[in-house]
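This briefing is intended to be read beside the sequence and the coordinates. It begins with the overall picture and then treats selected elements by topic.

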Amino acid sequence: MTLLASSCLPAWRRWLLLMLSMALPIWLGAQPVLPAPNVPASGSLDPARPALSQFKIDRWQTEQGLPLNTVQAMLQARDGTLWVGTGGGLARFDGLRFSTFEDAPVTELASGPIFGFMEDAQGALWIGHSLGATRYRAGRFERVFTDEQMEGRRVWAFAQGRDGVVWSATENGLVRWDKGAVRIFKEADGLPTNRLRTLAFDKDGTLWIGTTGGGLVSYAGGRFQVFNPSNGFPHLEVRQVLADPAGGLWAATAGAGLVRVQDGHFTIYTTANGLPTNHLTALARDTAGALWVGSWGAGISRMVGEGRFETLSSSSGLDGDQIWALHADREGSLWVGTWYGGLNRLRPRPFIVFGKPEGLSSDNVRSVLPARDGSLWLATAGGGVNRLANGRISLLGRQQGLRTDETSGLFEDRDGAIWIGTYTEGLARWRDGRLEHFGVAQGLPHVDVRVLYQDRQGTLWVGTKGGLARFDGQGFVAVRGNGVPIEGVAAILEDRSGTLWFGTTGQGLVRLRNGEFQTFTRKDGLASNWIMALYEDADGSLWIGSNGEGLSRLRDGRIRSIRVTDGLWDGMAQVILEDRQGNLWMTCNRGFYRVKRTELDAFVEGRVARVQASGYGPGDALRSTTFAGGLQPAGAIDAQGRLWLPSFRGLVIADPARLPGAGDPPPVRIDEVRVGGQRVPHDTELVLPPGPAPLLIRYLAGTLADAERVRLRYRLEGLTPGWVEAGKAREASFAALPPGRYVFSLAVSLDGQRWQDAPQALHITVQPRLVQTPWFIALVALALLLAAAALYKLRTHALRRRSAEMERLVAQKTEELRQANEHLSRLSFADALTGLANRRRLDEVLDTEWRRAQRMQTPLAVVIADIDAFKAYNDTLGHPEGDACLVAVAEVIRQAANRASDFAARYGGEEFILLLPGADAEAARAFAEVLRQACEARALPHPASSVSPVVTLSLGVAACVPTAESSSAALVAAADGALYRAKQEGRNRVCVAAAVVR
């Protein structure tokens, strides 16, 4: 039987396949090491031009703050922000959120269409709109063309010459602006039409102008030259011109394709050259020099080579095929403005993803195996096995003789045979071009095969969902006896001493030494009894990955565990790989992460309090954040140190030497200062008048590509003792500063470890009122002192007379109060601050409801809520405000618990607990989500939260039907664990416990 090879693949796919399948694999113990395929660091054939399938498309529409889904112009300013012109007004984007300008003095900017931008040499932003042009500088808008000059016509584009003169393409001619002096060129001056659309200066200083109905025009030496179909230029409608750094010009026409203008010659590219349409609208050149072309109705195209194009359209993920504008920013992203699909961004993925778009039979890659012949084998769920060799993909599936396309683990034995595990049909062996099948009839304990391993004696072990088996040369023999795994086996490893280790899916870690099996479980220190991965390091430590409870280390017979509470990015470890820098890499269901092995050792040995882990997941342009696990090998590392990680949507290839966010932190600066809601000018010093006035400081981080990764912190010397972690927040607010001097400082980081301070701090002086000056306070103090002395003499005699009587009354009342308090203490079940039930009452009600639910066999749910960043709230606003916050949140909880059977109590500190009799996990989750939203809608300001500007809740939910074997304490503990997971996943969310541990 022969593997069927895929054919007719695009050239870039064939090259990528060839690179992925070169060289000879090396095996280091239980850790697979791939050959060093010649894949460029960027993840494609050309590091500067990754294949379009390796681009991530991000989208923003009105739901995310865009004024209108018609995007007509874009420009990245020097501060790193993106200005966006829409059909419904102006916006500025900092990578996270849009700022709009409803209060701008130029009303056209608030809701009118915006057509063009330019940032001049002095840093001022020029904005073209339907009634002229506006300039934005130093935080102020000003009109630069009068209504009389524009006659109510649109301004489309700007260009600034080397002499500083600004030129503008308008529908009322060509405008020349020089230090406020305006001259307008029209048809009488040599233009073929007054309706101009686009303009640009070429390398030689010639001004090129694209027109609507008049063709292409050049302006040099004080005269215009017109190019149209009569002298070789193919069309009268020019939508955009773009200067070429090498000289000459590119022109996008509305019907005749793309035109290259150079040395008086025209080279025309049309659909015959691979363009999807000849109706073009926009042009851009990215940081790698690639030319991008926007079209009307066919998406965007990129020029590859001379006269060849590849296209991305709505069928490939764009939110619209009618393209208004393109803009390439300085960070390598391409921004796409569409007619109705909003704003799109294309950016190369930081990690190579190799899946179905690149030619695999299925995106769901389960296992990766480098074979000794230099080929690469990939097991997929639903697509059989793919073999990559010599730039070709070969498929081994049902049509080629496999009994199922649902494949799992892979292994190459000493004889070069490839063993293929499946989920539903046992095991297959590929040898000498032939397939052999092994199932339950051939001795396998179960048809679901997850792991294969050959020990040093040559014995082939197979781990299945139903236990362990050995190959006897003809078939398999199930392994039985005391201590033998009887549940699923997901990982097998032989350590340097010859001991075999088996990771099971529920039974714990099993050791085979000298013919005897011994089991290690959570009682012995394991993080979990569900083992996903095993790895032995150079020091002989055995690292054990679990299904979500943490990572364990076994050394010298002692097991220690590291959990999310100890700093791990995630508790799951589906594979464990060690890179050249000594980092352990693990995959999970929200991405993959790394942590230094030496730091893990230091933690379990008590030398550090926490570990520092870095994770890569939802914000890192992965096609899927769910990775393969529960089988072997669930990942590999090549001779160049790159990681090969199978995920639900392709094979992810990550280079530890080139990670997102590994560069220097971006610049950060103060963007806006508002006092009492009014914007005030600021440079390096701000003087505030006497009296309380809310102070708001907004700041910007100069990156769009890493906006999601940016972390910020600020310090107000004179008020905050140290740095305040702001997280992703882009503003700091202070309710009312007392008189004094302050210094506001900013710092930015991409990884939370390397911080960079803003180049300038803001010095703030709050002037005192007359009554707050030192000399006035001194006079008042002296007057009070004199008055106090006089009163003291007058009162002394009366106080002595009343002293005896008062002492008697105080003693009597004190005794009465003591007795009353003791009586109330015995009877009270209410929390004094919030009015909710207290812990004593909770214990009684929980016991009663548990027994009732057990007797009736109805579900009982527990919801534990925690106020996010409450300590920071107290530290910033003070304990009185903290108490008020607790009372307000308690009131939200009291209103939410509106059923007669619902019970709410203060659990302790900033934690609250609710009992929901009769509610299952889904109903309790829905209740918790309503409660979370209600608290957020309450909009209690939280200036120190890294989660939200208002007070938010993290909630943990657990539910079960009580049995004689379970306990109410386990139910509460499960809810508490879910709460902890909600905190770790970013707070302000609801997490549900998977199960209640008995």
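How many of the 998 residues of the protein, as a percentage, count as buried? The share is 55%, where buried means under 20% relative accessible area, exposed means over 50%, and partly exposed lies in between (1.4 Å probe, protein chains only). The model is a predicted one, in which local features need pLDDT of at least 70 and side-chain atom pairs count only at pLDDT 80 or more, while totals for chains, interfaces and linings use all residues. Residues are numbered from 1 along each chain as its sequence is written, and side-chain values use heavy atoms, with hydrogens and water left out.

**Confidence and overall build**

- The average pLDDT of the protein is 89, and 93% of the residues score at least 70; pLDDT is the predictor's confidence in each residue, from 0 to 100.
- Residues 1-48 have a pLDDT below 50, yet this stretch has 128 contacts in the model beyond near neighbours in sequence, a contact being heavy atoms within 4.5 Å.
- Where pLDDT is low, the predicted coordinates should not be read in detail.
- The protein has 10 helices and 74 strands; these are DSSP runs numbered from the N terminus, with H or I and at least four residues for helices, and E and at least two for strands.
- Taken along the principal axes, the C-alpha atoms fill a box of roughly 110 × 100 × 50 Å.
- Of the contacts with a separation of 6 or more, 55% are between residues 24 or more positions apart.

**Strand β18 and its two partners**

- Strand β18 (residues 207-211) has 5 of its 5 residues buried, so it is largely enclosed by the rest of the structure.
- In a regular strand the side chains alternate between the two faces of the sheet.
- In β18, L207, I209 and T211 point one way, whereas W208 and G210 point the other way.
- β18 pairs with strand β17 (residues 196-201) in the antiparallel sense over 5 bridges; two strands count as paired if DSSP finds at least two bridges between them.
- I209 of β18 is the bridge partner of L199, and I209 also stands opposite V217 in β19.
- The antiparallel pairing of β18 with strand β19 (residues 216-220) comprises 4 bridges.
- The hairpin of β17 and β18 has 5 residues between the strands, and G205 there takes a positive phi near 95 degrees.
- The hairpin of β18 and β19 has 4 residues between the strands, and G213 in its turn has a positive phi of about 100 degrees.

**A four-stranded sheet**

- An open sheet of 4 strands, paired antiparallel, has the order β61-β60-β63-β66.
- β61 (678-680) and β66 (731-734) stand at the edges with a single partner strand each, so one side of each is left without a neighbour in the sheet.
- Within this sheet, 7 bridges join strand β60 (residues 668-675) to strand β63 (residues 695-701), and V673 stands opposite I697 in β63.

**Helix α10**

- Helix α10 (residues 968-984) has 17 residues and reaches 25 Å from its first C-alpha to its last, close to the 24 Å expected at 1.5 Å a residue; the expected span is 1.5 Å times one less than the number of residues.
- The buried residues of α10 are A970, L971, V972, A974, A975, A978, L979 and A982.
- Among the elements that cover these buried residues are α6 (839-856), β70 (860-867) and β73 (953-960).
- Just after α10, G986 takes a positive phi of about 120 degrees.

**Salt bridges**

- The count comes to 56 salt bridges, each being a side-chain nitrogen of Lys or Arg within 4 Å of a carboxyl oxygen of Asp or Glu.
- E119 and R78 meet in a salt bridge (3.9 Å, N to O).
- E119 lies in strand β9 (residues 114-119) and R78 in the loop between β5 (71-76) and β6 (82-86), so the pair ties together parts that are 41 residues apart in sequence.
- E119 is partly exposed at 23% relative accessibility, and R78 is partly exposed at 49%.
- R431 forms a salt bridge with E436, with the closest N and O atoms 3.3 Å apart.
- R981 and E985 also meet in a salt bridge (3.9 Å, N to O).
- A network of salt bridges links R553, R555, D601, E605 and R607.
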